[in-house]
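Visitor: Hello! Could you show me this protein and walk me through it with some questions and answers?

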Amino acid sequence: MAHEMSGEELRRYREQRGMNQQALVGWLNERLNRRYDRAKISRWETGAERIPQNVAGALKTATEPVGIPAAAAVRAAPVVFCAANQKGGVAKTTTCVNVAWLLAQSGRRVLLIDCDPQANATVHLGVDPHERELAKATLTHALKASRPMREFMTPVCDGAFDLLPSSISLAATDRELLRQPNGTLILRAKIAQLAGQYDFVVLDCPPHLGELTVSVLNAADQLLIPTQTEMLSMMGIPQLFETIAGVRELVNPRLQILGVLPTMYSPRRLQDETVMRELRELAAAEQLHLFSPVKRAADYSKSVMAGRPGLAYNPNSAGAESYREIADALQALAGEEMRHGA
């Protein structure tokens, strides 16, 4: 009789071998001549469906070079990416959700952590914040618990990537972090537990420079600054630069600015063109990359109602090339770190 396998055992088995769910689907379908999909893997891993004995047996008996890859000997740390701007409404959440989706579509293992008490990323991906709060499975509980971070994740987009949800309870956590010794380092320590489990961790920040945002900056490797092409959004960038400088000096010298992303751009509006000129000057003065602007598009609003990323809803949405440019830049950096053993 084939070996019984639990969902958690399957997940660990897959992740230890550096495989995402789609890679496992391909391996199983080729070996067993089946037509499983990523949603099936997700249901097995969450315990919604029992793992068939032929699947468990194939995984348990597989050996290299003809079988499933051996478990990775090195537990590589994920690249931690965040989007921050103390001004709200600049498409931070839209950016994080779509970049996470693109990274996952390229075969990377991705975790999106919603660090905003408003839970916009959580809602965007079709997860009920209140339900996850009742289940004690949000970032609030993950930061306070001694249990592994893995226990607080939920698969989204048919298992394409994982989400650590948020809820309104995270607002109180912002104040609690201020009172705790080294409170703004807790998130960094928790993410360190995920070495070998994810290739990328994407952090969606709240729209202010409080303790939660500082916690994110303390944990991040790469920071993107989304800014709407209007003056109020730009005004917060110099203060963000000051915060970044302090974080680099005292806590996290690895933190780098990936670039600036203009959003909600309307080329026919005089104000937008004026702000774009100022952003070009700012980027040149600070030696930062200025990504192509993301134009206003109804697809991103519609995708929230569908509980999916905008680029899953319509891969050709306005701004798709900008988000792909960001995802490509992150993958290039990840490749550099692997080559240099970072």
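Visitor: Is Ala91 buried or exposed?
Guide: Let's start with its place: in this predicted model, Ala91 sits in the loop between strand E1 (79–83) and helix H5 (92–105). A residue counts as buried when its relative accessible area is under 20%. The value for Ala91 is 13%, so Ala91 is buried.

Visitor: Which value is phi of Ala91 near?
Guide: Ala91 is a residue other than glycine, and its phi is positive. The angle is near 80°.

Visitor: Where does Ala119 lie, and what is its phi near?
Guide: Ala119 is in a loop too, the one between strand E2 (110–114) and helix H6 (120–124). With a relative accessibility of 2%, Ala119 counts as buried. Its phi is again positive in a residue other than glycine, and the value is near 60°.

Visitor: Good, now the helices. Which residues does Gly310 touch, leaving out those up to four places away in sequence?
Guide: Gly310 belongs to helix H16 (residues 310–313). Its relative accessibility is 0%, so it counts as buried. With sequence neighbours up to four places away left out, the residues it touches are Asn98, His124, Tyr300, Ser303 and Ser317.

Visitor: How many Å apart in space are Gly310 and Thr95?
Guide: In sequence, 215 residues separate Gly310 and Thr95. In space, going from C-alpha to C-alpha, the distance is 9.6 Å.

Visitor: What is Ser42 in contact with, beyond its neighbours within four places in sequence?
Guide: Ser42 is part of helix H3 (residues 38–46). Its relative accessible area is 11%, so Ser42 is buried. Beyond those sequence neighbours, its contacts are Gln21, Pro155 and Gly159.

Visitor: Why is strand E7 said to be largely enclosed by the rest of the structure?
Guide: Strand E7 covers residues 256–263, which is eight residues. It is largely enclosed because the number of its residues that are buried is seven.

Visitor: What is the bridge partner of Gln222 in E7?
Guide: Gln222 is in strand E6 (residues 222–228), which pairs with E7 in the parallel sense over seven bridges. The partner of Gln222 in E7 is Gln256.

Visitor: What share of the contacts with a separation of 6 or more comes from residues 24 or more positions apart?
Guide: As background, 55% of the 342 residues count as buried. Among contacts with a separation of 6 or more, the share from residues 24 or more positions apart is 77%.

Visitor: Last one: how far apart are the centres of the positive and negative side chains?
Guide: The protein has 38 positive and 37 negative side chains. The centres of these two sets are separated by 4 Å.

Definitions and conventions: Residues numbered from 1 in each chain as written. Predicted model: local features only at pLDDT ≥ 70, side-chain atom pairs only at ≥ 80, totals over all residues. Heavy atoms only, no water. Buried < 20%, exposed > 50% of the residue type's maximum accessible area, 1.4 Å probe, protein only. Helix = DSSP H or I, 4+ residues; strand = E, 2+ residues; numbered from the N terminus. Pairing = 2+ DSSP bridges. Contact = heavy atoms within 4.5 Å. Lys, Arg positive; Asp, Glu negative; His and termini not counted. Charge placed at Lys NZ, Arg CZ, Asp CG, Glu CD.
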